[in-house]
Amino acid sequence: MLVGSDAGPLHYLTLIGHVDKLPSLYNTVAIPESVASELSHANTPSPVRALMADRPSWLTIHSASGTAIGLDALGRGERDAILLASEIRAELLLCDDLLARKLAVQRSLSVIGTLGILRDAAKMSLLDIRTALDQLRTQTNFRATEDLYAAVLSEFGL
């Protein structure tokens, strides 16, 4: 399965030590050059920069092109991720930004965020969902409502 991604899920999954689950879930993750630059930026946490410095083979970088009409309210990374996902006919876009998710769906893209990725990894017994969500809350600045966290946990009877 080929998926596209913006910076958010890669950033958060790296910080909590679960970015290595992505190839088990999706085989290949494609990112646009602008997302690669964002993940490599000097202000980005060092574990995320290290991911990009020693980029795994399952994480590929591509030029994004296409029509950005209707995407001008987004940051460059989100915009380019949507364009790339459309261009490569990705089966899924990894994205947390609510507006970007809405606009991606309007372009007929399927979207999943960090919480959904963690849920899917837990369903495949790749991680413990309670521990992963606790890490996300305590080791990052990821924002989600308590109701959303509770909904994910409830899928596992927790």
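**Exercise 1. Find what covers the buried residues of helix 6, then work out how the helix is oriented.**

Start with the cover: it includes helix 5 (76-87), strand 4 (92-94) and strand 5 (111-112). Covering here goes by contact, meaning heavy atoms within 4.5 Å. Helices (H or I, at least four residues) and strands (E, at least two) are DSSP runs, numbered from the N terminus.

A quick word on the model: it is predicted, so local features need pLDDT of at least 70 and side-chain atom pairs count only at pLDDT 80 or more, while totals for chains, interfaces and linings use all residues. Residues are numbered from 1 along each chain as its sequence is written, and side-chain values use heavy atoms, with hydrogens and water left out.

Next, pick out the buried residues of helix 6 (residues 98-106): A100, L103 and A104. They sit on the same side of helix 6 because they cover an arc of only 105 degrees around the axis, taken from the directions from the helix axis to the C-beta atoms. Buried means under 20% relative accessible area, exposed over 50%, and partly exposed in between (1.4 Å probe, protein chains only). An α-helix has 3.6 residues a turn, so residues three or four places apart point the same way.

Finally, check the ends. At the start of helix 6, a side-chain oxygen of D97 comes to within 3.3 Å of the backbone nitrogen of L99. Just after helix 6, S108 has a positive phi of about 70 degrees.

**Exercise 2. Sort the lining of the largest pocket by class.**

The lining has 30 residues, with Y12, D96, D97, F142 and R143 nearest the pocket's centre. On a 1 Å grid over the protein atoms alone, a pocket is an open set of points where a 1.4 Å probe fits, with protein on both sides within 12 Å along at least five of seven lines; lining residues have an atom within 4 Å of a point. By class, the count is twelve nonpolar, nine polar and nine charged. Nonpolar covers Ala, Val, Leu, Ile, Met, Phe, Trp, Tyr, Cys and Pro; charged covers Asp, Glu, Lys and Arg; the others, Gly among them, are polar.

Key
Polar contact = N/O pair within 3.5 Å; in protein donor to acceptor, adjacent residues only side chain to side chain.
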